[in-house]
Amino acid sequence: MTLRIYNTLTRKKEVFTPVEKGKVKMYVCGMTVYSDAHIGHARTYLAFDVVRRYFEYKGFDVFYVQNITDVDDKIIASANQRGEDPLEYSRRYTERCLEALDALGIRRADLYPKASETIPDMIKMIERIIEKGYGYVADGDVYFSVERFPEYGKLSNQRIEELEAGARIEPGEKKRNPLDFALWKKAKPGEPWWESPWGKGRPGWHIECSTMSSKYLGLPFDIHGGGMDLKFPHHENEIAQAEAATGKPFARYWMHVGLLTVNGEKMSKSLGNIINIKDLLERWDAEVIRFFFVQNHYRSPPDFSEKALQDAEKSLERIHRLKERLKKLSEREKNGSRGDEKGFLSSIEGFKEKFELAMDDDFNTPRALGVIFDFIGKTNKFLEETEEPASEVCRRALDTLVKLCNVLTLLQDESKQEVDLNEMLPLLEKYELETLEISSGMEALELLLKVREDARAKRDWKKADAIRDDLQRIGFEVEDTESGPRWRKKRVV
RNA sequence: GGGCAGGUAACAAAGUGGCUAUGUGGCGGACUGCAGAUCCGCAUACGUGGGUUCAAAUCCCACCCUGCCCUCCA
């Protein structure tokens, strides 16, 4: 089975063949750590988390590098504003940002190299660029000469002349061509600096990615990714620098993630609609947010809104309900039944194949989700038709469901089905139940359910419904089934 | 001006030259004391105008509209 990836470089879907058999080396442009991580970051890093998970699912050994930009104009500006040391400031935000992504349930990359810790390597690369005639020094600054690199523009499919027409020249620029970009910037007063052959200064933004990716992955490496906004000029510049310096091809597959909008508008500082992850997690479950993203293809721009999350939450419920149902069924011991277990088991394999087909087609997560929902429908039907499904069969279905969902970052956390005693106490009182012997929330809930069952047995529907409604109000959904009441905890908004 | 994506039913979102995407919501049915869940069924689609074809929402052309990039941005 072959995996095909849409390569921005060729604007086509291409069959993925790794540089080194069985391995995937991927690099994704990381965060500039000057403020809290926002949902745009979440969108991108979640997309690549799914990419890496699917590669692992297929048996590849993945090495995933994501840089941290901790030397940058905005960081310096923010730090100076607060009278803080820029490097200390960025160190603090690095942790904050990574923790926000952790909280969202995005797995960490294997390595997070920092710009500030890779300066000597960057200097070496800049020296090589100058040696080979692609860079020039101008009063303590070093620039890359775009005209010297004939392939400039190959990623974004633009010609230098066209770009020049649209470019603007700042007064007092030391550049020879407006498209030239800084490899090294001369230090200004109050800025952090490093010694270099060109005097005190700091690296330009683009050079760090060329340096870190080639340092940790070697050239060429397999996948280079990032947000759509980085395609030009950042990624274009990365290619120019790395290929100019080494003479080797850089990254083989370029993947770009569609940028999200918020209520139909671009998310930007000027609009004041930046949603940061921590704020969002106070109101929404991490998995709901992940579901929302996975529902969209990584290349298309999702539109973020509260309604979209509400919809995502409802859809997710369907998956959780089946998971819990299967879990209970597979925990009890039943071998064999009257249902068509063989037919069901073989259909499971069919769903797996369809899932893989969808993911093999440029990580088509919405289609893969469709397959999962088909599988859910099929499984529910099987369970309806089968009186006592064998626990082994249920376990197999559960394993498949979890395995496929895990690739999409779903069902990765154990659902928190604990019961808080304090929540239950008012209800125990309301129904005048003895609280002395109750020592846990679970016992309290079970007592309430038992009382409700007694009421139902006496056809006291009023009381039974009242208990159900009260439990619903504190987030417990109660359903009556043939085998007794079934409950599950829901998020209370 | 140049580059890159899109316009699919109530909403979200895939896909395909002829065969149910899917989820949420709506309607009807089964089940239930009721509800819920679940199952079964139904409805509402492919921006506009041409063209190619036995057949196009899917290919081609034109047009309209939307978003993004060309300045820092995931």
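Two strands count as paired if DSSP finds at least two bridges between them. Strands here are DSSP runs of E, at least two residues, and helices are runs of H or I, at least four, all numbered from the N terminus.

Ground rules, quickly. This is a predicted model, where local features need pLDDT of at least 70, side-chain atom pairs count only at pLDDT 80 or more, and totals for chains, interfaces and linings use all residues. Residues are numbered from 1 along each chain as its sequence is written, chains are lettered from A and ligands numbered from 1 in the order in which they are written, and side-chain values use heavy atoms, with hydrogens and water left out.

First, a sheet. Strand β11, residues 261–262, pairs with β12 in the antiparallel sense, over 2 bridges. Val262 has Glu265 in β12 as its bridge partner. The open sheet has 3 strands, ordered β12-β11-β13, with mixed pairing. β12 (265–266) and β13 (303–304) are the edges; each has a single partner strand, so one side of each lacks a neighbour in the sheet.

Next, the cysteines. How many disulfides does the structure hold? The count is 0, taking a disulfide as two cysteine sulfur atoms within 2.5 Å. Take Cys209: its sulfur is 3.8 Å from the closest cysteine sulfur, in Cys29, and that is too far for a bond. For Cys97 the closest cysteine sulfur is also in Cys29, but at 16 Å, again too far. Cys209 is buried at 0% relative accessible area, and Cys97 is buried at 1%. Buried means under 20% relative accessible area, with a 1.4 Å probe and protein chains only.

Now the second largest pocket. A pocket is an open set of points on a 1 Å grid over the protein atoms alone, where a 1.4 Å probe fits, with protein on both sides within 12 Å along at least five of seven lines; lining residues have an atom within 4 Å of a point. This one has a volume of about 840 Å³, the space filled by probe spheres set on the points. Its lining has 25 residues; Arg325, Leu329, Thr481, Ser483 and Arg486 lie nearest the centre. Two or more residues each come from α10 (306–331), α12 (365–385), β14 (476–481) and β15 (484–489). The largest share, 7 residues, is from α10. By class, the lining has 14 charged, 6 nonpolar and 5 polar residues.

Last, the hairpin. It joins β14 to β15 through 2 residues. The two strands pair antiparallel over 6 bridges. Glu479 stands opposite Arg486 in β15, and Arg486 is among the residues nearest the pocket centre.

Key:
Buried < 20%, exposed > 50% of the residue type's maximum accessible area, 1.4 Å probe, protein only. Nonpolar A, V, L, I, M, F, W, Y, C, P; charged D, E, K, R; others polar.
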